Amino acid sequence: MKTFFARFALSLLLLRWCFICQAASFSGSSAHAEAYFSSEQIIQFAKKVERKLAAEGARVAIVARMGRPLSEMPEGMHFTHVAFAVYSNITVADGTSVPGYAIYNLYQKDDKPSVSQLVQDFPVDFFAGVAQLEAGILIPSHELQQRLLEVNGSPTYASLHEPRYSLIANPYTLGRQNCTEFVLDVVNAAIYQTNDIKIIKANTKAYFKAQPVNVSPFKLMLGSMFSAEVTNTDQRGRAVTATFEKISEYLQTYDQGAKVLSLTP
Amino acid sequence: MQLHLHIRVLVICAAVSGAVIVHAADSAQNASGASTHASQAVTIGITASGQAVLGVAAVPLLSVGAVGMSIGAGSVAAGRGSAAVASGVSNHDPLPITDQTITVNSPAEALKPRAGTAPR
């Protein structure tokens with residue numbers, strides 16, 4: 001009997017060990033002690049993206065970056081972070097004003113990755129620390145850009161922010177949000193000209209095709225157990241999330257004139 | 001005898017398992033820190049070398065004719081001023097942008113202990 005309990009306890013411990021190893025693998029938390037690119041490379045690439053946006057006459061665009069090498073990304077996912085680039089009048093430290101793009105982000109907090117905040121920065125900040133120099137650019141139609149500017153300048157923008165973060169947030173449900181879901185919520189607020197999150201989610205469910213998370217349910221369970229930034233509490237059945245590619249497909253289907261670009265050095 | 005063996009294995013596994021937890025946590029922490037430091041290093045390099053200027057405020061430039069739309073009051077006011085800058089630019093024409101590189105962090109700011117955000 002004692003032997004049975006000892007064996008049972010041993011099995012539990014081994015299973016736990018296995019869980020932990022799987023979770024560590026899932027979170028992909030490989031440390032990169034050095035920057036992938038020099039400051040000159042980042043500056044040149046960020047300015048190239050800005051110039052492309054300007055050449056396209058984009059007043060509002062959705063931009064995406066690769067914070068991790070593609071080899072570390074789950075199947076069907078390419079970019080790790082998505083935000084709005086807004087053509088702006090920028091006041092610099094000496095008091096002068098210059099035209100350029102400001103980036104409107106939802107970022108996780110450094111000290112609490114399960115919580116996010118809205119942060120405005122600039123292209124060079126956006127691309128600093130990327131693993132690969134590739135930008136996804138989605139330029140909505142002129143009409144949608146105008147509506148996005150309205151939302152961006154209204155209280156609706158901040159009201160759509162859900163600070164409880166999940167790396168694989170379900171775009172159809174409430175309670176958890178990541179940068180991509182936030183962008184999608186703002187886009188739908190602009191399309192439907194509403195700040196009612198229930199209307200936004202109902203239309204998201206009706207028209208937006210989310211990306212299935214191609215990670216085994218076992219790994220997802222482990223991720224939610226051992227990583228604060230991963231939870232499946234907002235998932236029903238197979239986990240799904242919003243991606244830059246899926247938002248691009250959505251706008252290319254329903255927003256006549258929307259344009260998708262990919263930029264490399 | 002066999003029970004003692006199992007207990008020994010249990011103790012070893014518990015110790016190793018605990019170590020793995022700590023390692024996993026460290027790894028996550030380091031990854032986050034490294035990511036932050038990498039970004040900071042780039043930003044510090046950019047600003048310290050005079051390659052970038054510090055941006056202190058950004059106001060969306062509304063396109064001509066969009067000022068009267070139902071945007072937040074503050075932004076409308078700002079937009080009116082901005083529209084003058086943008087005047088003469090049609091909705092689809094290329095937009096002028098500065099050649100300067102603008103960043104949110106001054107070197108002094110970037111060197112402070114960071115309670116900010118982690119790029120993903």
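At what angle do helix α4 (residues 142–152) of chain A and α6(A) pack, and how far apart are their axes? The angle is about 110°, and the axes are 8 Å apart. Axes here are lines fitted to C-alpha atoms, for helices over the stretch in contact, with angles running from 0 to 180 degrees between N-to-C directions. Helices (H or I, at least four residues) and strands (E, at least two) are DSSP runs, numbered from the N terminus.

Before going on, some ground rules. This is a predicted model, in which local features need pLDDT of at least 70, side-chain atom pairs count only at pLDDT 80 or more, and totals for chains, interfaces and linings use all residues. Residues are numbered from 1 along each chain as its sequence is written, while chains are lettered from A and ligands numbered from 1 in the order in which they are written. The model scores ipTM 0.75 and pTM 0.74.

Back to the first pair. α4(A) and α6(A) are therefore roughly perpendicular to each other; angles under 35 degrees count as roughly parallel, over 145 as roughly antiparallel, 65 to 115 as roughly perpendicular and the rest as oblique. On the α4(A) side the contact is made by A:Leu144, A:Arg147, A:Leu148 and A:Val151, and on the α6(A) side by A:Val186, A:Ala189, A:Ala190 and A:Ile191. Contact means that C-beta atoms, placed from the backbone, lie within 7 Å. Seven of these residues are nonpolar, none is polar and one is charged. For those classes, Ala, Val, Leu, Ile, Met, Phe, Trp, Tyr, Cys and Pro count as nonpolar, Asp, Glu, Lys and Arg as charged, and the others, Gly among them, as polar.

Helix α6 (residues 179–192) of chain A also meets helix α7 (residues 197–207) of chain A, their axes coming within 9 Å and crossing at roughly 100°. That makes α6(A) roughly perpendicular to α7(A). A:Leu184, A:Asp185, A:Asn188, A:Ala189 and A:Tyr192 of α6(A) make this contact with A:Ile199, A:Ile200, A:Asn203 and A:Thr204 of α7(A). The division is five nonpolar, three polar and one charged.

In the loop between α6 and α7 of chain A lies A:Gln193. Its phi is near 50°, a positive value in a residue other than glycine. A:Gln193 counts as partly exposed, with 13 C-beta neighbours inside 10 Å. The cut-offs are 20 or more other C-beta atoms within 10 Å for buried, 12 or fewer for exposed, and partly exposed in between.

Next, helix α2 (residues 39–55) of chain A. Its 17 residues reach 24 Å from first C-alpha to last, close to the 24 Å expected at 1.5 Å a residue. Buried residues in α2(A) include A:Ile42, A:Phe45, A:Val49 and A:Leu53. After α2(A) comes A:Gly57, with a positive phi near 70°.

Last, chain B. It has three helices and three strands, in the order α-β-α-β-α-β along the sequence. Of its 120 residues, 32% count as buried. Its mean pLDDT, the predictor's confidence in each residue from 0 to 100, is 53, and 22% of its residues reach 70 or more. Among its elements, helix α2 (residues 73–86) of chain B has the lowest mean pLDDT (39), and strand β2 (residues 101–103) of chain B the highest (92). Over residues 64–89 of chain B the pLDDT stays under 50.

Methods
Two residues are in contact if their C-beta atoms, placed from the backbone, lie within 7 Å. The expected span of a helix is 1.5 Å times one less than its number of residues.
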